[in-house]
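Subject: Structure for you to look at

Hello,

Here is the structure I said I would pass on. Please open it first, then read the notes below with the view beside you.

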Amino acid sequence: MSTVVTSPDAVEPPAYAVARRRKLSTARVLTLCAVCISVALLLVAVVGYIAVTGRESATAASVNITEPLLVDAQTVYTSLSDADTTAAGALLAGPIEPTALRQRYALDVARASSAAEDAARRSQSSSTLVTSLNSLSVGIPIYTGLVQEAVVNNRLGYPVAGAYQGEASSFLRTHLLPAAHQVYRSELAQLESNQSSAKAVGPLIGALLLLLLTLGVLIAAQVWVRRRFRRRVNVGLLVATVLVGVLAVWALVGATAQANRIDAAAAAGTGPLDAYTQARQLALQARADDELTLVSRGSVGSYAVDFAAVWPQLKGVIATQQDSHSTSAAAALLVAHNRISALLSEGQFLKALAVGSGTSSDGLPAIAAHLDASLVSGLDTAQQRFNSDTTSAANDLSGLAWGVVIVCLVALGLALVGLRSRAKEYS
Amino acid sequence: MTLQHQSLSGNLVRALWLGAATGAVAMLSACASVSPPSSAPVNVPVVAPANAAVVTKTTTPASTHAGNCVASRRPPAQLPRPGSMPAGSWMAHIQQRGHLIAGVDQNTFLWGYRDPSTNQLEGFDIDMLQAVSRAIFGDARPVAFVVVPNADREAAVKSGRVDVLAETMTITCKRKKNVDFSAVYYQAGQEILVPVHSPLTGNRQTWAGQRMCAVAGSTSLQHLAAVPVTPPIVPVSVTNQTDCLVLLQQGQVAAISTDDTILQGMAAQDPTLRIVGPPLAPEPYGMAVSKQHPEFTAFVNGVLAQDAGHYWERAYAKWLEPYTHLARPPHQPTPTYSSSGK
């Protein structure tokens, strides 16, 4: 370090000059120490602030922006399926659709449209999302038009009502549901990407490495000062070192806790939320299959084929949640379906109709409503878990971002004061 | 039968674009002072019943109808009095059981259909079966109707699940190998159903190049494809009969072609449609009875021939008269019998 000096009189240094150079070199080393510590602490402050606020904003976005969008997408998806089963059920009830079913259908359509519009307004225009939302805006009026044709023909007692309902349902399943599913998937992917950036380790590791480096510099400075000045302790430097150490522990503990909460939100929130959304859609579709079979008076076999494909998926999705209540409700749905199929194949249409649209507790409407309620409660629980876990995750980081900055600045001040008291001896 | 389908979408999209373009022109001329909007083109999704498709290739129709196959068993000279069926006969068995078990359809409007407001089965076929029941019991007691899907009709009769079946079932030589048929109780024929102001007439040349709907795999579809016109008819197939009515009402096809009996049921659901003859192919309907009970087939023929209560005319007037076109003579078909019933 002493070779830094290149003064013209250094060729043959006189004794006084040697002593002066040594003095100068000590002052310069002190300055260098101050500069190094300052740069390191300021870097830690900046990088740490960026790392922590990055995590904070991703955590906040997942709970404040993407989760509401996901709920919107899920509302579109399940409301459309609910409209499908409600419209089919209303046809089964006779020429005059029951008011309750009519209102429920209207509510489903209103929910789906308004949630789609909400999603369109809030989404940052990703092109696949815009295309899907556009398909929904164009398709929902077409769907309701077809359902209305079915309603009018049904009032007149015309069998073509069933064919219109079938066309409406086929349109819903081949155009609207895939678009709604696309929207849902894209919001879910956005949420998952928020969650992974909320626990991004890159910037944080950078900040922690800088912290360790700073600690190293602080400790090295103290060792040097002790040797050079034969003083036991430099209070400023010591307190700065302790502060930086505490900051490292705080950041490490806070970030780990927050990442764990985000993982918990994904495991107990997002995962079940997705599973219950799928299960609910599948359950509604399975119910609509049975109702449409009855609407066609057993003459269209493709709905039974669809049920046979949908039910095992439903069972599989529910199985991932270890939800015994929903599992047994889904099993009851299969029992009702089998009863309807058996009665239809025996030509006992009226009995099959009684199972499919009657009010008895072992009828399809009661069983399907029970299953839906069970799945909705699972969905609500998952959503609450997600919200509470994500909010706690945000709390784990609270104060850390400014904490990093303040601690670094205080440590810097203390270190400079500590170094300055030594530097005074040379001024 | 080999069928090749192509999506409906091509033609539909063209039709929809045409409609959209017409609308756009109308809108532009209505507000000519306003600068034209520069909106992106909107894609109107294709709406069609599931599995609707244009058929590009069909096999030629096999001649399933042979004239002498409509001959049935000769009825007894004198029908037994209601309530006292001859011992050992199947009618006596039915009488002992206390009700007739009859196979019917519940989806053919006017023929065998469940009224949605009452959930009762109604129609021409139902009335025919009730006449048979009345001839056995002498009263209007309820018939035990069993809904039999079309594909299971022969099996249901052969296995004895039903005593008799009336389900717009055409008598064919092939079917006659499995079941006995009564004498012809209705002479149906494949015709077309069109909108009232349609340019399509009985002259087949007016059908050239038109899109016409029929059920996939049906003989109607084969007959359509075989009509000798240029350009040929474009057959559109669907899985269910009523889907054709949806396509016709939505203007996606120019006509529906199937048995006039089914067309009557469709015309009854829409006053803007009419049936156009003459028939492409005759479809003689018979009631199916098990080959185990030839005496019951003869009895049913006796009921048809005797027509004590004029039930045929009444059923015709009630169900079909308003919807058939005038060319069809409203009278019961003349039965033909052979001693063997073969």
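Predicted model: local features only at pLDDT ≥ 70, side-chain atom pairs only at ≥ 80, totals over all residues.

To find Glu122(B), go to strand S7 of chain B, which covers residues 121–122. Apart from its neighbours within four places in sequence, Glu122(B) is in contact with Tyr113(B) and Asp115(B). For a sense of distance, take Arg73(B), which is 49 residues from Glu122(B) along the chain; the two C-alpha atoms are separated by 28 Å.

Chain B as a whole

Chain B contains nine helices and 18 strands. Of its 342 residues, 44% are buried. Taking contacts in chain B between residues at least 6 apart in sequence, 75% join residues at least 24 apart.

Two places in the backbone of chain B are worth a look. Most residues other than glycine have a negative phi, and most peptide bonds are trans. The peptide bond from Thr230(B) to Pro231(B) is cis, and its omega is near -10°. Pro231(B) sits in the loop that runs between helix H5 (219–225) and strand S13 (234–238) of chain B. The other place is Leu110(B), which is not a glycine but has a positive phi, near 75°. Leu110(B) belongs to the loop between strand S5 (107–108) and strand S6 (112–114) of chain B. Leu110(B) counts as buried because it has 24 C-beta neighbours inside 10 Å.

Chain A has a residue of this kind too: Gln322(A), not a glycine, has a positive phi of about 45°. You will find Gln322(A) in the loop between helix H7 (302–319) and helix H8 (324–345) of chain A. With 8 C-beta neighbours inside 10 Å, Gln322(A) counts as exposed.

Helix packing in chain A

Two packed helices are described by the angle between their axes and the distance between the axes. Start with helix H6 (residues 235–295) and helix H11 (residues 400–423) of chain A, whose axes come within 7 Å and cross at roughly 165°. That angle makes H6(A) roughly antiparallel to H11(A). The crossing in which H6(A) passes H11(A) is left-handed. Residues of H6(A) in this contact include Val235(A), Leu243(A), Trp250(A) and Gly254(A), and those of H11(A) include Leu400(A), Val407(A), Leu414(A) and Gly418(A). Sorted by class, the contact has 17 nonpolar, four polar and no charged residues.

H6(A) also meets H9(A): their axes come within 10 Å and cross at roughly 145°. This crossing, too, is left-handed. Here Asp290(A), Glu291(A) and Leu294(A) of H6(A) meet Ala352(A), Leu353(A) and Gly356(A) of H9(A). The classes in this contact are three nonpolar, one polar and two charged residues.

The nonpolar core

How many residues are in the largest nonpolar core? It has 214, and the residues with the most contacts inside it are Ala283(A), Val164(B), Leu165(B), Met212(B) and Ile256(B). H6(A) gives the most to this core, with 24 residues. As for Ala283(A), if residues up to four places away in sequence are left out, it touches Leu314(A), Ala330(A), Leu333(A), Ala368(A), Leu371(A), Asp372(A) and Leu375(A).

Where the chains meet

In the contact between the chains, 28 residues of chain A meet 23 residues of chain B. On the chain A side, the elements that give two or more residues are helix H3 (127–155), helix H4 (160–198) and helix H9 (349–357). H4(A) gives the most, with nine residues. By class, this side of chain A has 13 nonpolar, 13 polar and two charged residues.

Ala189(A) has 13 other C-beta atoms within 10 Å, so it is partly exposed. Between the C-alpha atoms of Ala189(A) and Thr31(A), 158 residues apart along the chain, the separation is 52 Å.

Regards

Notes. Residues numbered from 1 in each chain as written. Chains lettered and ligands numbered in written order. Contact = placed C-beta atoms within 7 Å. Helix = DSSP H or I, 4+ residues; strand = E, 2+ residues; numbered from the N terminus. Nonpolar A, V, L, I, M, F, W, Y, C, P; charged D, E, K, R; others polar. Axes fitted to C-alpha atoms, helices over the stretch in contact; angles between N-to-C directions. Parallel < 35°, antiparallel > 145°, perpendicular 65-115°, else oblique. Left-handed = near helix turned anticlockwise from the far one by under 90°. Core = buried A, V, L, I, M, F, W, Y, C linked by C-beta atoms within 7 Å. Buried ≥ 20, exposed ≤ 12 C-beta atoms within 10 Å, placed from the backbone.
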